[in-house]
Amino acid sequence: MQWIDWMTLAIVIIVTAIEIIRGTRAGGMGLPLFDAAGVVVAALAATNLSGPVAQALGLQKSLAMLGIFVLLTAGAFILGYWLFGLTGWSLQVFNGILSFVFGVVTGWAIAHMVLRI
């Protein structure tokens with residue numbers, strides 16, 4: 001394996017661990033669910049918007065992609081925290097395993113964007 005493979009694996013493992021902790025401490029799997037959905041949408045939007053934004057601002061595409069992804073991800077985390085406060089989604093016994101699954105999705109999306117940028 002190359003160093004980039006190890007880095008990608010480390011990102012996924014670290015983000016998954018953080019999401020498991022967040023899901024169990026928050027008392028529900030809704031917070032990792034909203035985080036995963038927000039990060040995936042942010043990655044899709046950053047990928048699709050980076051070209052036009054880079055041209056409009058005269059930036060490199062990777063720099064525009066990074067900026068858009070960071071801003072949208074921060075907004076997604078804030079929105080997810082707010083939505084979880086409203087809904088409080090929880091499946092009691094399955095919170096840990098679902099937090100793990102949503103953590104892997106979040107880590108995969110972040111690692112994908114790191115590799116793309």
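Angles under 35 degrees count as roughly parallel, over 145 as roughly antiparallel, 65 to 115 as roughly perpendicular, and the rest as oblique. Such angles run from 0 to 180 degrees between N-to-C directions, and the axes are lines fitted to C-alpha atoms, for helices over the stretch in contact. Keep these two ideas in mind as we walk through the model.

The model is predicted, so to speak of a local feature takes a pLDDT of at least 70, and side-chain atom pairs count only at pLDDT 80 or more, while totals for chains, interfaces and linings use all residues. Residues are numbered from 1 along each chain as its sequence is written, and side-chain values use heavy atoms, with hydrogens and water left out.

**The whole chain**

The chain has four helices and zero strands, which gives the pattern α-α-α-α along the sequence. Here helices (H or I, at least four residues) and strands (E, at least two) are DSSP runs, numbered from the N terminus. Along the principal axes, the C-alpha atoms fill a box of roughly 50 × 40 × 15 Å.

The chain has 117 residues, and 33% of them count as buried. Buried means under 20% relative accessible area, exposed over 50%, and partly exposed in between (1.4 Å probe, protein chains only). The accessible surface comes to about 7000 Å², and carbon and sulfur atoms hold 75% of that surface. These areas come from the Shrake-Rupley method with a 1.4 Å probe, and for residues only the protein chains shown count as cover.

Contact means heavy atoms within 4.5 Å. Among the contacts with a separation of 6 or more, 81% are between residues 24 or more positions apart.

**How the helices pack**

| Helix pair | Angle | Distance between axes |
|---|---|---|
| H2 (residues 30-57) and H4 (residues 95-116) | about 20° | 8 Å |
| H1 (residues 3-26) and H4 | about 145° | 7 Å |
| H2 and H3 (residues 61-87) | about 155° | 7 Å |

Which way do H2 and H3 run relative to each other, roughly parallel or roughly antiparallel? With an angle of about 155°, H2 and H3 are therefore roughly antiparallel. Their crossing is right-handed. A crossing is left-handed if the near helix is turned anticlockwise from the far one by less than a right angle, and right-handed if clockwise. The residues of the contact of H2 with H3 divide into 20 nonpolar, eight polar and two charged. In this count Ala, Val, Leu, Ile, Met, Phe, Trp, Tyr, Cys and Pro are nonpolar, Asp, Glu, Lys and Arg are charged, and the others, Gly among them, are polar.

H2 and H4 are at an angle of about 20° and are therefore roughly parallel. The crossing of H2 and H4 is left-handed. Residues of H2 in this contact include Pro32, Ala36, Val40 and Thr47, and those of H4 include Phe102, Val105, Ile110 and Arg116. By class, the contact of H2 with H4 has 12 nonpolar, three polar and two charged residues.

H1 passes H4 in a right-handed crossing. On the H1 side the contact includes Met7, Thr8, Val12 and Thr16, and on the H4 side it includes Phe100, Gly103, Trp108 and Leu115. The contact of H1 with H4 divides into 13 nonpolar, seven polar and one charged residues.

**A closer look at some residues**

Is Thr16 buried or exposed? Thr16 lies in helix H1 and counts as buried, at 5% relative accessibility. Not counting residues up to four places away in sequence, Thr16 touches Phe100, Gly103 and Val104.

Thr8 is also found in helix H1. Leaving aside neighbours within four places in sequence, Thr8 is in contact with Ala111 and Leu115. Thr8 and Ile110 are 102 residues apart in sequence, with 9.1 Å between their C-alpha atoms.

Val105 has its place in helix H4 and is partly exposed, with a relative accessible area of 30%. Beyond residues up to four places away in sequence, Val105 touches Ala36 and Val40. The C-alpha atoms of Val105 and Asp35 are 9.3 Å apart, although 70 residues separate the two along the chain.

Most residues other than glycine have a negative phi. Gln92 is not a glycine, yet has a positive phi of about 25°. Gln92 is exposed, with a relative accessible area of 63%.
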